[in-house]
Amino acid sequence: MTRPLGRIWGLLALPVISIILSVVVGSLVIIVSQWLVGGSLEPGLAIDAYGALISGSLGSFNAIVNTLVAATPLLLGGLSVGLAFKAGLFNIGAQGQFLIGALCSVIVGVWLRESPPIFAIPLSIAAGMLGGAAWGFIPGILKATSGAHEVVTTIMLNFVAIAILAAMVAGPLDAPGSPSPITLDVGNSALPVIIGRNGHIGLIIAPIMAALYGFLLYRTTLGFEIRTAGANPDAARYAGMSPKFLIVLTMSLAGMLAGMAGAFELLGVTKNMTASFGTTVGFDAIAVALLGRTSPIGIILAALLFGALRTGAAAMQIQAGVPRELVDVLQATILFFLVASPVVQRIFRLKGARSGLEDTTSFAKSYGGEGGTI
Amino acid sequence: MTSDIAPVQAPALEMRGITKRYPGVVANDGIDLEIRPGEIHALLGENGAGKTTLMNVLYGLARPDEGEILIDGAPVQLTGPTDAIARGISMVHQHFMLVPVLTVAENIVLGEETMANPLFLDRKEAARRIVDLGRRFGFEVDPDAKVGSLSVGWQQRVEILKALYRDAKVLVLDEPTAVLTPQETQEIFVVLRGLAAAGHSIVFISHKLYEVLEIADRITVIRRGKVVGQRVPSETDEEDLAELMVGREVSLVVDRGDSNPGELALEVKGLTVKDDRGREVVHSVDLEVRSGEVFGIAGVAGNGQDELVEALVGLRKPSAGSVTLAGKDLTGRGSRDVSEAGVAYVPADRHRFGLVLSFPIADNMVLTSYHRAPYSRGMLRNDAAIARTADERIKSFDVRTPSATAKAATLSGGNQQKVVVAREFERDLRLLVLDQPTRGLDVGSIEFIHRQAIAKRDAGTAILLVSAELDEVLEMSDRVAVMYRGRIVATLDGRTADKNEVGLLMATGGRNAADVAVVTTDMKADLDTDPDAGSAA
């Protein structure tokens, strides 16, 4: 039953099959769209596209560093969503926490742009983490006190975050004399580059956070409480834990991780903020957490994969002429096959395979109401 | 009654030499079972004996490794539940498979829709057939009632109707009485007898000996995957069946010995508790439990016992009154404080409160003590200590599992309860609250848990035992309180109390018949949907 190989396959089967299936679907999309638009049937185009995707993300030292840089916020965001999952909470709000984190770190970063880096950098990062934590605390406290469901509140807070960010960048943070809304550069607050042209220090900190995430969940009593509250809130209450406290704490920690992702993206990559700051990192993070099955190593691997896809997309567009949006198709189909895991399991006769989310039943159980009685 | 049916009558269903192996275990080992038309055939066995596997084979959910199934003498290969249903085999599960927000009729036709045309249901025709079926077997049910508003007993009847609607000839009931009150049990027995009389065959899975003796025409006993005997109720008794089931002589009566009550442990004064809907369900209850004594609370389920216990252990805030343990005020304190004061609690619902099913057994063994040394060191878990304790307790409480890392969900019900008991009995305690500690367990496990509780009592722990099983309360308790509609209506000596007297107190609260007939608002919901309730009271 517990042969190590069998267990590893049980863990990996679903993600791996989902990825393979999405590659197949992606190939079909490439070939069929080429046939519809260009009128020619070119099965080789799919191979060209994937070749460019791989060489663009892994083919050179610079490409690899770019992949790591892209993977860093995804990793932290994935940890944010994964931690909430473990507590039975669905943090759709990683995107908002990411944006508020970036906003707070740009405010502090710009303010300290001429201070010594030894103060400027840690304070700017801390500001981002605090901002994200505050943005996670709000849905947490709402759920604990009134039962408002975190899925609803975090989605709404995402929009609030976007609006705040736009208002700040166009208003008080707008650099004097700039043609379009943009903040000043963060100057000395920028993260130091430790590898390649743009490999900032977050590349090291993010995996350390993944290790801390695993340590917290599996080696501490607090982690045991979080997992218990996620798996069976009634049993948590019976065991003398305080699910309400755990909800608030977990959401704040999740927000902190997403806020850290925002801080790194801002201080390490863009170094200033425009109204269009922020891609879809917070949403991709949900896919990363699911693909990584909420385990720290899984989330690292999933973040690397999605980071590589993002990085290789440009090369694919230039070299193979396949639009970079194909990456979104791949990402979405991976997620699709993961979520449809019962169907995939059935087709591939995977008995032991699990999506890894069976533990966390409560987010699916209550939609908007029950939270108050926890 | 019908034990002397001539063997020439062809069996409605026959299972021959059924063997089903799972990795590491032979769940069924050459089982022969023969169900005659119109008979109620009880399948008796301990938790984990292989009853469920056998029924899964019969229902097409598991393919047997060896053996064959014959329906009306013809061998069949069952490919799944749909196939089994098509061949006239239906199952009523212990946990009902009903949609609470749909009506009775909608639930019954689900998957077998009677269509007026390709787009729409023929509700009228479906309702007519349902009422008709109910009338034929003596339990008319309103097809338009929402299932969620029905009592458990009536939900079960809906499940049975669902089977009959699909023309079931063989009806398998998996522990049908586990969720029912004694009164509802009697009502369902009437229904089952009616079905048998109409020629349906019934497979009645249970481990309650007295019920099996009451309802079955024949009894097949399974132990560790094998048929170990077949009996006719008139030629056997509970002791005989228990011995067959467990494989050794079992004491069905608790050997409680003498108790030496000491100083006052738990003192409850004027405790008033509301339920989740804000209705007052415990009215000003006073009780005292001394160390070294078992104080039993008898009552039909739903008379406020659950809320009383939850208020005592810190899961529910009382609206008035006080709870004192050894002189320390615990009123309104949370479950952690109560636990630290020396109270352990075995909850009635082990799946909801007692266990985290997706966690390993080891984690469950420390669910209420993970924060204490040696299981934690400061903020950190001490996995080595947890694993060591888990292994020790698995051994000393005879939990049947391959390892402490197996998930709690993989254990049978009896073994799950042993995990809870092992965990809660471990510490030195002032008070042990046992809420239905043996519900759903087989006789072997019941005997074991009773003996452990008596040992705890002899060690000076005060024990508060709540149970709907009258026998259990009377055999265990030094003093018995009867709870009726949120009040303690009598407190009796547990060694001299008369079972009938207590039973009557449980059913009526000790008032005269005129009082009982008064319908209070909280009973009305039941009466609306349960036409039998009024007449049976």
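User: Which strands of chain B does helix H8 lie across?
Analyst: This is a predicted model. In it, helix H8 of chain B, residues 238-246, lies across E3, strand E9 (218-223) and E10 of chain B. The helix runs at about 35 degrees to E9(B).

User: OK, and what order do the strands of that open sheet come in?
Analyst: The order is E6-E7-E8-E3-E9-E10 in chain B, six strands in an open sheet with mixed pairing. Strand E6 (89-92) and strand E10 (226-231) of chain B sit at the edges with a single partner strand each, so one side of each has no neighbour in the sheet. From one strand to the next, the twist averages 20 degrees.

User: In which sense do E7 and E8 of chain B pair?
Analyst: Parallel, over five bridges, with strand E7 covering residues 170-174 and strand E8 residues 201-206 of chain B. Leu171(B) stands opposite Ile202(B) in E8(B).

User: What does helix H6 of chain B lie across?
Analyst: Helix H6 (residues 182-197) of chain B lies across strand E3 (40-45), E7 and E8 of chain B. Its direction is about 145 degrees to E8(B).

User: Switching topic: how is chain B split into domains?
Analyst: The domain assignment gives domain 1 (11-88 + 169-249), domain 2 (98-167), domain 3 (251-342 + 429-537) and domain 4 (352-427). The centres of domain 2 and domain 4 of chain B are 43 Å apart, taken over C-alpha atoms.

User: There's another open sheet, the one with E16. What's its strand order?
Analyst: E16-E19-E20-E13-E21-E22 in chain B, six strands with mixed pairing. Strand E16 (343-346) and strand E22 (487-493) of chain B are the edges, and each has a single partner strand, so one side of each is left without a neighbour in the sheet. Neighbouring strands here are turned by 15 degrees against each other on average, direction ignored.

User: How many bridges join E16 and E19 of chain B?
Analyst: Four, in the parallel sense, and strand E19 of chain B spans residues 431-435. Tyr345(B) stands opposite Val433(B) in E19(B).

User: Which helices pack on that sheet?
Analyst: Helix H15 (residues 443-458) of chain B is one of them, touching strand E13 (294-298), E19 and strand E20 (462-467) of chain B. The direction of H15(B) makes about 150 degrees with that of E20(B). Helix H17 (residues 499-508) of chain B also packs on the sheet, touching E13, strand E21 (479-484) and E22 of chain B. For H17(B) the angle with E21(B) is about 25 degrees.

User: Zooming out, how many helices and strands are in chain B?
Analyst: Chain B has 20 helices and 22 strands. Its radius of gyration is 24 Å, close to the 24 Å the globule rule gives for 537 residues, so chain B is as compact as a globular protein of that length. The C-alpha atoms fill a box of roughly 70 × 55 × 50 Å along the principal axes.

User: What share of chain B is buried?
Analyst: Buried residues make up 46% of the 537 residues. As for contacts in chain B between residues at least 6 apart in sequence, 69% join residues at least 24 apart.

Technical notes. Residues numbered from 1 in each chain as written. Chains lettered and ligands numbered in written order. Predicted model: local features only at pLDDT ≥ 70, side-chain atom pairs only at ≥ 80, totals over all residues. Pairing = 2+ DSSP bridges. Helix = DSSP H or I, 4+ residues; strand = E, 2+ residues; numbered from the N terminus. Axes fitted to C-alpha atoms, helices over the stretch in contact; angles between N-to-C directions. Contact = placed C-beta atoms within 7 Å. Domains from an automatic or database assignment. Rg over C-alpha atoms; globule rule 2.2 N^0.38 Å. Buried ≥ 20, exposed ≤ 12 C-beta atoms within 10 Å, placed from the backbone.
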